[in-house]
Amino acid sequence: MGLMIGVGSTKPTFPYDYYYGIEWDITVSNPKPTRIGKMELHKELPLQNMMRNCILKDDGSVAYYLHANDSTKRDNGAAADLTGASGMMETELPDMYVRFETDGNKCRHLQSTEPLPGFHLWRKGYIGSVEATVQRSTNKLASVCSTDVDYRGGNNNASYDGTYRSFLGLPATDISLNVFRTYARNRGSVEWNCNLYRLHKMLWWLFAVEYANFNSQDTFNAALDENGYHQGGLGAGVTTWDGTWSTFNGYYPIVPCGVTNSLGNHTGTVDYNVIGSDGATIKTFAVPRYRGIENPFGHIWKWTDGCKCIIQSEASGGLSKFYVCDDPAKFTASGVGNYDYRGDLPRKEGYVKALILGEDGEIMPLEVGGGSTTYFCDYFYTNIPSSGEAERGVLFGGDANNGAYAGFVYAYTTYTPTKANAPVGSRLCFDPQIEAA
């Protein structure tokens with residue numbers, strides 16, 4: 001891949017002062033890569049520390065930022081309005097410059113705040129701080145913390161209101177990818193989208209570098225290690241319920257939006273008790289938050305736009321192709337004419353052993369055969385059509401009973417974009433259009 005920044009003992013001063021990243025060997029099962037680049041930046045974490053919660057207006061302008069230590073407050077300490085009246089609750093991801101390298105069995109990901117040689121820009125964007133619901137009166141996708149009936153979650157079942165399994169305050173599910181896209185665009189422009197692959201990918205690499213860990217379900221540890229670096233993961237998250245979820249509410253959401261708001265822009269977990277019909281706690285989850293984003297995996301699957309799979313039967317080519325489109329204006333309900341081919345997916349399910357990666361850092365699997373605590377630690381699920389080829393969307397993250405399968409890169413590729421299901425939701429994202437020069 002040309003110049004290997006980070007290799008060798010003689011280093012040009014400027015680039016090495018401004019990047020930090022990770023390196024791993026694809027033949028080694030240890031899910032903890034090695035930190036590389038300027039070590040001070042692994043402590044300062046300049047990109048990660050630019051992530052912050054805000055209230056975003058429909059025109060894409062920031063109404064105000066939320067308090068760094070408590071997202072129920074504005075940055076000036078006054079009470080924040082998270083009900084949607086002032087805007088949507090979003091987490092701002094900064095412009096970041098990235099580079100991906102492959103050198104034999106070694107892979108590297110480098111990130112920087114500066115436009116270094118060989119790096120390319122991942123644009124600033126906004127990702128819902130909480131899982132998305134729908135404003136039922138307008139069919140607008142929303143990122144809010146509200147128990148108003150107009151934002152009822154799940155499948156909008158009003159008969160549960162006032163009961164132990166009320167959907168008030170919960171994210172919306174049982175909606176297809178194509179309908180999620182429409183509901184997001186109902187906010188007024190193609191800049192509004194449901195969960196975006198490019199932003200989910202950014203989030204994953206920000207996490208992987210900060211914690212130098214591919215196991216997002218590793219035990220949460222608030223303490224820094226002996227070198228002053230972050231360690232561990234986000235814990236099991238909302239992934240450990242058993243089959244009683246079905247009898248509880250039919251696999252619909254169970255955790256209200258905003259449970260972790262007390263953590264602000266920080267990372268951590270907050271316990272949430274699921275209460276049964278008798279008023280007793282039947283399950284306690286340690287709900288995770290990463291840099292202001294609640295449930296980055298688990299609880300409900302996230303329909304993710306901007307990527308597609310074309311999966312062929314054995315007789316029709318025997319390939320599973322992965323496609324990406326980074327321009328929301330070119331997303332399509334069917335077909336991949338506007339999408340770029342990024343690589344081939346495995347033909348069988350299993351724990352992810354290697355990622356497609358490439359120069360754009362794709363987080364879909366190239367190979368399976370790992371485990372729940374080895375390589376990338378998350379699962380990949382697919383199936384092959386008996387004839388012809390099938391267009392499939394991608395769900396990320398897993399749900400409340402996926403256990404060790406779940407995580408940032410747990411991907412499910414068996415649903416068409418028209419499929420809706422009880423444990424499948426999304427997020428609300430804003431992708432600012434690039435202004436013409």
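User: Which class, buried, partly exposed or exposed, does K353 fall into?
Analyst: Buried means under 20% relative accessible area, exposed means over 50%, and partly exposed lies in between. In this predicted model, K353 has a relative accessibility of 24%. Because that value falls between the two cut-offs, K353 counts as partly exposed.

User: Which residue does K353 meet in a salt bridge, and where do the two lie?
Analyst: K353 is in strand β20 (residues 350–357), and the other residue is in strand β21 (residues 362–368). The two are 14 residues apart in the chain. The N to O distance is 3.8 Å, and a salt bridge requires a nitrogen within 4 Å of a carboxyl oxygen. The partner, partly exposed with a relative accessible area of 37%, is E367.

User: What is the relative accessibility of K308, which meets E391 in a salt bridge?
Analyst: The side chains of E391 and K308 meet at 3.0 Å, N to O. This pair links strand β23 (residues 389–396), which holds E391, with strand β17 (residues 301–312), which holds K308; the residues are 83 apart. E391 is buried, with a relative accessible area of 19%. K308 also counts as buried, and its relative accessibility is 4%.

User: What radius of gyration does the protein chain have, and why does it agree with a compact globule?
Analyst: The secondary structure comes to 5 helices and 26 strands. The C-alpha atoms fill a box of roughly 65 × 60 × 50 Å along the principal axes. A compact globule of 437 residues would have a radius of gyration near 22 Å, so the chain's value agrees with it. That value is 21 Å.

User: What percentage of the accessible surface belongs to carbon and sulfur atoms?
Analyst: Of the 437 residues, 57% count as buried. The accessible surface of the protein chain comes to about 16100 Å². The share belonging to carbon and sulfur atoms is 47%.

Key
Residues numbered from 1 in each chain as written. Predicted model: local features only at pLDDT ≥ 70, side-chain atom pairs only at ≥ 80, totals over all residues. Heavy atoms only, no water. Helix = DSSP H or I, 4+ residues; strand = E, 2+ residues; numbered from the N terminus. Rg over C-alpha atoms; globule rule 2.2 N^0.38 Å. Buried < 20%, exposed > 50% of the residue type's maximum accessible area, 1.4 Å probe, protein only. Areas by Shrake-Rupley, 256 points an atom, 1.4 Å probe, with all protein chains shown as cover.
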